[in-house]
Amino acid sequence: MPDETHSLTSSIRTAAGLALLLSSAWLLKGCTLSTPPDRSEVLARALPETTTIPDGWQQAGSVSDGIGDNWLASFDDPQLDQIVAEALANNLDLRQSASTVLVVAQSINLAKSQMLPHVGATAGEHWTRNFDRNYTNELNDVNIGLSWELDIWGRLRAQKAAAEANYAAAALDYAYARQSLAATTARSWFAAVQRVQLLALAEQSTAIYDQLLTVSQARQRAGKVSDFDVIQAQAALDAAQAGLQDAMNQLAMARRNLEMLLGRYPAAEIALAANATALPPPVQGVAPLSLLARRPDVLAAEQQVRSAFRSLEADRLALLPDLAFQLNVGRFSDNIGSLLDINPWLGHTSIGMKIPIYEGGALVAQIDIADAQEQAAIAAYGSTVLKAFNEVETDLGNEYYLSSSLVYVDKAVASLGEAVQLANIRYQAGAADMQSTLQLQSRELATKADALDLRYSLLANRVNLYLALGSSFDNEPVIPPQLVSALAP
């Protein structure tokens, strides 16, 4: 038995030495992976040759300068800060996105595992019964095996690099989801507060038309106007009351939408501010090309191109021979062998090469598929880039034109307010009719609603602009620090 043990130990040492020699050769002489295309090359392949990216944004009022982070603080609204924090902590969609990142992260470990030795063991006991001779033979076996694919050409390393790029894309998608959730919550908050003010306007409208009805009834009793004025005033009051009910329903829906974002039960009970904050100072936008390194969704699309590049590389390397090392050590014993003392430990070592010769075109087809997937990823990157440019240009344009429109609407509200006061005085004095008074009153209320809509559209558009420019809602960077080195163009 000592001789067997010594022989077994020597065999294992020899096999281990051979494995170490092979691994050293693999590390020293393994083929280097191809260099993926940099950002400028991907952009050139993604966009048509006729597409020219300007140095600055084309919309009026825009500038090319740096943009800071922590845009949420620019609204100076502590209640809004709390609402956004609650959404980030409890939103279920964001929780799903975080789980997706964890799932994709494990794909890196799976790819790494293919590059390492695999060790397994089996053990069993078997009985064979000979009923004719009333004899049972017992067989025991123990086996330990090691297998290792030596990644000489880099196929496994390419697969690992593809998994790492996929993880980077997923992490960037999650980062963008956080920024988007903060923006969506802010917009929903502004929309809900707007509904509060629209409800107040609807209540004001009902009170005004109720007062007009009272005046027309008094003048009708005095014989100064006919029933026609009373009927018109009553119709206007009925329409205002219907509008009041709609405003109450719209406010309840806005509350429920906001509660859903926060992970609350949609009971339409969330407390809201009576007025929204003022619009922060104008935004200074970064230059278009610098946007490619700021927005997580654009960077995620770039990482998808890199992943597709690595997957295509791995499929091409699959055409080359695979070299694998195997080591098996085991012992088999039965009754007869035990009697004769011939149940030795056995060791088996092999180095094998698998050479693809004919597989019915499967490998070539897989390369064609991977090549098409890379082209699709490049096209998706171009689409994401143009979408990002369009969002910034649109939001800059909205900022300019909505602000300009609000100036005139505010003037119109002031003018119509004076006209309504005069019309009411003239109607009570008998110098104006009910129809013209109601028309002026209706125009004033509608213009006030337009002014509210413009103000809250400006607030929502400002949030959209922050998101489009790649600005973070807080002091944390938009791009996770652990990904910065992996995102080098």
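In which helix is the place of threonine 447? Select residues 434-468 of this predicted model: they form helix H10, and threonine 447 lies within that helix.

Then select helix H4 (residues 92-113) together with helix H5 (residues 155-221). Two packed helices are described by the angle and the distance between their axes. Here the axes come within 8 Å and cross at roughly 170°, which means that H4 is roughly antiparallel to H5. On the H4 side, the residues making the contact include Leu94, Ala98, Val101, Ala105, Ile108 and Lys112; on the H5 side, Gln159, Ala163, Tyr167, Ala170, Tyr174 and Leu181 are among them. The residues of this contact comprise 14 nonpolar, 4 polar and 4 charged.

Finally, colour the chain by pLDDT. The average is 86, and 88% of the residues score at least 70. Among the elements of the chain, helix H3 (residues 78-90) has the highest mean pLDDT, 96, whereas helix H1 (residues 2-29) has the lowest, 49. Select residues 25-29 to end the tour: pLDDT stays under 50 there, and the model has 6 contacts beyond four places in sequence for this stretch. Where pLDDT is low, the predicted coordinates should not be read in detail.

Terms used. Residues are numbered from 1 along each chain as its sequence is written. This is a predicted model: local features need pLDDT of at least 70, side-chain atom pairs count only at pLDDT 80 or more; totals for chains, interfaces and linings use all residues. Side-chain values use heavy atoms; hydrogens and water are left out. Helices (H or I, at least four residues) and strands (E, at least two) are DSSP runs, numbered from the N terminus. pLDDT is the predictor's confidence in each residue, from 0 to 100. Contact means heavy atoms within 4.5 Å. Axes are lines fitted to C-alpha atoms, for helices over the stretch in contact, and angles run from 0 to 180 degrees between N-to-C directions. Angles under 35 degrees count as roughly parallel, over 145 as roughly antiparallel, 65 to 115 as roughly perpendicular and the rest as oblique. Ala, Val, Leu, Ile, Met, Phe, Trp, Tyr, Cys and Pro count as nonpolar, Asp, Glu, Lys and Arg as charged, and the others, Gly among them, as polar.
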